[in-house]
Amino acid sequence: MKRTLSILLAALLVLGLFGIASAEGEKRVIVVDGGGDQQNFNSTKSMEKSDANPYPYNELELLIEEYNKLHTDVEVQLLPASKTTDRDALVALMTAGEAPDIIYQNMGVYKNTDIGTDWFVPLNDYFEQPNPYEEGNERWADLFNPVWLEVTRSSNGNYYFCPIDATPIGLIYNMDLLEQAGIEKIPETYAEFMEAQDKLNEIGVIPYLPNYHWYDIVLEGQLLSGRLEELDVLQKDGVLDSQEFARAITQGLLSTSDPEYQEYFRLIKEVTKYFPDDWQNIDVMTSFLNGEIAITAGAGVHMRQVRDDTVHTFETQNAPFPIVTEETTEYCQTPIIRGSAGYSTTWQVTNTAVKNGTVEDCIDFLMYLTQADNNARMVNTFSATTPSNINAECVELFKPLQEVANEDMANGYLDWHACNIWNAWDNELSTNYDDLRVGWLLDEITIEDFTEEFQYELEAAVERAIESSGWDTSKW
């Protein structure tokens, strides 16, 4: 009996060992949610180009196939559709530890939201390691723009985001209408921009109508930049993050009644002086392509739309937002970097990878994707954004804007996110700002009402942020 038990136990042990060996021989699986900011990097259902599918895409899928061939012990799987585009859905997945190993979140919105959780892997140590896929690289972080990478860093000092691409942004000009109005060069300053609008108005077209108020961010950033040294104290990085804004508001160091903000309110209204009465109901891009609007604003997707449109016959040109000079206001300080809004799609490694022991594999895969040639392939196929790797080529459409952005960074201009208070905390604040802004532009509320009600919304947003963030306000 004992001998029989011994044989049985030995057999079970052998089977168990074989089972373990079999398990260890299985490939380590990484699940990637290919979500993105301007474009979704999950593959389109069809690669056939059509009106309904104008930009078929599977470049990330192809890169994954190539990566899997290089790494026979790893299998990267791309989700057929993004699971994490909805924040509530993402929170549920992260709380349950069931999120994909790699996901997208907008670092500009969420870089300090998830501090205190164990949801995402800090990348600090990994950024200090060489990227083995980039020849000669000794430090992965050196492949990224240092100004923009610093902006991704959370207030606890950790990097949780790996940049994939950046957003080209600026104004789109109908050059035929500018020539007709006698405008000989693209405006470089706010004063020149307003003069151009006057001339365009005289020839009977809408001088300027954007499809979103991006220029507000540029104006607010430049007018408030003089306060940066005073207020950028919790994480000195050239950007007022959500906690620094909250500190400034609660301590009375910053208010909408400050002269910089009063001037900001004036300029965002002045720049819309020739908006038509029904401007909120206009399809801006269609009207621009029909030659009814001389100047509009756009990100890369809008510039691509203009490039690929086959109906319009006039010449167009993309150019940076004009900077504010002393000719316009005494509060003109350091300008915001033109031509690009900085990093756009930012991916994170989740606690699922920690649980499954695949963190190192995820990092290696991200290094592979951010190698210059691979990064260009992944991003440029869309012609909507620029690669995050500073050594990667962008598409011709964006090269002039990229050159301006690089020049501005060399001149010490500030990041796009440097001083944007109405995007500092949550969607409720940005929505309320939009409503107040429209009321101010339409003369439905006075400047006093705008000032008082926006201040109220800021203070309410700060209270919500303090309650949800876990900030140690005693250190303020």
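Q: How many cavities of 30 Å³ or more does a search of the whole structure find?
A: Two. Keep in mind that this is a predicted model.

Q: What volume does the largest cavity have?
A: About 80 Å³.

Q: Which residues line that largest cavity?
A: The lining is Tyr110, Lys111, Asp114, Ile115, Thr117, Trp119, Phe120, Ser154, Tyr160, Phe161 and Gln348.

Q: OK, pockets now. What's the volume of the largest pocket?
A: About 1,300 Å³.

Q: How many residues line the largest pocket, and which lie nearest its centre?
A: The lining takes in 43 residues. Nearest the centre of the pocket are Gly108, Val109, Tyr110, Asn423 and Trp425.

Q: And which elements give two or more residues to that lining?
A: On the helix side, they are H4 (107-110), H9 (214-224), H11 (242-250), H19 (427-441) and H20 (447-469). Strands S5 (165-174) and S9 (340-343) also give two or more. Tyr110 turns up in both places, by the way: it lines the largest cavity and is one of the residues nearest the centre of the largest pocket.

Q: Switching to charges. How many salt bridges does a search of the whole structure find?
A: It finds 23.

Q: Let's pick arginine 377. Which side chain does it meet in a salt bridge?
A: Glutamate 66, at 3.0 Å from N to O. Arginine 377 is in helix H17 (residues 372-380) and glutamate 66 is in helix H2 (residues 59-70), so this pair ties together parts that are 311 residues apart in sequence.

Q: How accessible are arginine 377 and glutamate 66?
A: Arginine 377 has a relative accessible area of 28%, so it is partly exposed. Glutamate 66 is at 33% and also counts as partly exposed.

Q: What about glutamate 270, which side chain does that one meet in a salt bridge?
A: Arginine 266, with 3.8 Å from N to O. Glutamate 270 is partly exposed at 29% relative accessibility, and arginine 266 is partly exposed at 32%.

Q: And lysine 399, what's its salt-bridge partner?
A: Glutamate 393, at 3.0 Å, N to O. Lysine 399 is partly exposed at 23% relative accessibility, whereas glutamate 393 is exposed, with a relative accessible area of 52%.

Q: Which residues do salt bridges with shared partners join into one network?
A: Arg227, Glu230, Asp258 and Glu260.

Q: Now glutamate 134. Where is it, and is it buried or exposed?
A: It's in the loop between helix H5 (124-127) and helix H6 (146-151), and it is buried.

Q: How far away is the nearest side chain of opposite charge?
A: 13 Å, and that side chain belongs to arginine 377. Glutamate 134 has no salt bridge. Arginine 377 is the residue that pairs with glutamate 66.

Q: So what polar contact does the glutamate 134 side chain make?
A: One with the side chain of asparagine 391, at 3.2 Å. Setting aside neighbours within four places in sequence, glutamate 134 is in contact with Leu143, Thr370, Gln371, Ala372, Asn389 and Asn391.

Q: Alanine 141: where is that found, and is it buried or exposed?
A: Alanine 141 is also in the loop between H5 and H6. It counts as buried because its relative accessibility is 5%, the cut-off for buried being under 20%.

Q: Which residues is alanine 141 in contact with, beyond neighbours within four places in sequence?
A: Phe127 and Leu149. Its C-alpha is 9.1 Å from that of asparagine 124, which is 17 residues away in sequence.

Q: Where does asparagine 318 sit?
A: In strand S8 (residues 316-319). Asparagine 318 is at 16% relative accessibility, so it counts as buried.

Q: Last one, glutamate 188. Where does it lie, and which residues is it in contact with outside four places in sequence?
A: Glutamate 188 lies in the loop between helix H7 (175-180) and helix H8 (190-202). Its contacts of that kind are Pro322 and Ile323. Threonine 256 is 68 residues from glutamate 188 along the chain, with 28 Å between their C-alpha atoms.

Conventions. Residues numbered from 1 in each chain as written. Predicted model: local features only at pLDDT ≥ 70, side-chain atom pairs only at ≥ 80, totals over all residues. Heavy atoms only, no water. Helix = DSSP H or I, 4+ residues; strand = E, 2+ residues; numbered from the N terminus. Buried < 20%, exposed > 50% of the residue type's maximum accessible area, 1.4 Å probe, protein only. Lys, Arg positive; Asp, Glu negative; His and termini not counted. Salt bridge = Lys/Arg side-chain N within 4 Å of Asp/Glu carboxyl O. Polar contact = N/O pair within 3.5 Å; in protein donor to acceptor, adjacent residues only side chain to side chain. Contact = heavy atoms within 4.5 Å. 1 Å grid on protein atoms, 1.4 Å probe; cavity = no way out; pocket = protein on both sides within 12 Å on 5 of 7 lines; lining within 4 Å. Points joined across faces, edges and corners; volume = space filled by probe spheres on them.
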